[in-house]
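Subject: Structure handover

Hello,

Please find the structure below, together with its sequence. My notes on what was found in it follow.

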Amino acid sequence: MTPSDSGFSVGQMMDWASKRAVIRLNGEKFRRFVRAPPRNYSVIIMFTALQPQRQCAVCRQADEEYQILANSWRYSSAFTNKVFFALVDFDEGSDVFQMLNMNSAPTFINFPPKGKPKRADTYELQVRGFAAEQIARWVADRTDVHIRVIRPPNYAGPLMLGLLLALIGSLAYLRRNNLEFLYNKNVWAFSALCFVLIMTSGQMWNHIRGPPYAHKNPSTGQVSYIHGSSQAQFVAETHIVLLFNAAVTLGMVLLHEAATSDMDIGKRKIMCVAGIGLVMLFFSWLLSIFRAKYHGYPYR
């Protein structure tokens, strides 16, 4: 490819980007506009499988975030021809997947202007998640192009908060002559316990990183709900950990009640046995999860 061909490539990519923030590539376009040198622009490519028959829910979720990132760049005042965002779908470019020996999706790779992609040019999806902000940081690190992610307005959160406040206000108004429930220690203890369980299960990490709910291996079809690394997690994993922590907490409450309650001895024995069973069973399952994630640590 001559310099004039390189100029044609940039012009063609700019023309496609003006029509669609994420350029769809097949095998021929990939070889011509990404693989063939010389090239004076970087191409961020999402390799995915969006067709319904592929049943890749993670691909669709990642695509939504990728579209937000690409549109944030395309309609930014700082937009240049230095970086382009593209997509290769397995059903449109299976030869590209074979060329790159790729057997999983979604995968994000940066193709720099010169040379072949390095290890750091492959985005660590399982570690960072697919939130647009996380991908933008990786793009900035690999291309020195900083993108301010602009999300479409989402009124679901404020609406739910408004409904919740309205519900609380309505209940307080209906019971305005009897607000003793506000001084109920059990209500506040249960609320605090729910908050602690939510926070310790990793829900805030999910909110920040935006990990997939689970991972389905496209080759075997096997679904993983527990991430194999200590540096990442799935949404389903936090739900499992929350459930196990709640069960252990319930067991401890039963043990406390069995020791301090005024119930008859028979019921207290049942509560004691149930409490011990819950703590032993679910705490051992928690340890098995940590053992699978923190390899080599002597969990027993």
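Strand E4 (residues 107–111) is largely enclosed by the rest of the structure, because five of its five residues are buried. Buried means under 20% relative accessible area, exposed over 50% and partly exposed in between, with a 1.4 Å probe and protein chains only. Helices (H or I, at least four residues) and strands (E, at least two) are DSSP runs, numbered from the N terminus.

This is a predicted model, in which local features need pLDDT of at least 70 and side-chain atom pairs count only at pLDDT 80 or more, while totals for chains, interfaces and linings use all residues. Residues are numbered from 1 along each chain as its sequence is written, and side-chain values use heavy atoms, with hydrogens and water left out.

The sheet

In a regular strand the side chains alternate between the two faces of the sheet. In E4, Thr107, Ile109 and Phe111 lie on one side and Phe108 and Asn110 on the other, and both faces are covered. Asn110 of E4 is buried, with a relative accessible area of 0%. Beyond its neighbours within four places in sequence, Asn110 is in contact (heavy atoms within 4.5 Å) with residues including Ser42, Val43, Ile44, Trp138 and Arg142.

E4 belongs to an open sheet of four strands in the order E1-E3-E2-E4, with mixed pairing. Strand E1 (22–24) and E4 are the edge strands, each pairing on one side only. From one strand to the next, the twist averages 30°. Two strands pair if DSSP finds at least two bridges between them.

Strand E2 (residues 42–48) pairs with E4 in the antiparallel sense over five bridges, and Met46 stands opposite Phe108 in E4. E2 runs parallel to strand E3 (residues 83–89), and seven bridges join the two. Here Ser42 stands opposite Val83 in E3.

Helix H2 (residues 27–35) packs on the sheet and touches E1, E2 and E4, its direction making about 150° with that of E2. H6 lies across E2, E3 and E4, at about 25° to E4. Axes are lines fitted to C-alpha atoms, for helices over the stretch in contact, and angles run from 0 to 180 degrees between N-to-C directions.

Helix pairs

The axes of helix H3 (residues 57–74) and helix H6 (residues 132–143) come within 9 Å and cross at roughly 55°. That makes H3 oblique to H6; angles under 35 degrees count as roughly parallel, over 145 as roughly antiparallel, 65 to 115 as roughly perpendicular and the rest as oblique. The crossing is right-handed: a crossing is left-handed if the near helix is turned anticlockwise from the far one by less than a right angle, and right-handed if clockwise.

Glu65, Ile68 and Leu69 of H3 make the contact with Ala132, Ile135, Ala136 and Val139 of H6. These residues divide into six nonpolar, no polar and one charged. Ala, Val, Leu, Ile, Met, Phe, Trp, Tyr, Cys and Pro count as nonpolar, Asp, Glu, Lys and Arg as charged, and the others, Gly among them, as polar. Glu65 is buried, with a relative accessible area of 14%. Not counting residues up to four places away in sequence, Glu65 touches Phe130, Ala131, Ala132 and Arg151.

Helix H8 (residues 185–200) packs against helix H10 (residues 235–260) at about 140°, with the axes 9 Å apart. The two are therefore oblique to each other.

Regards
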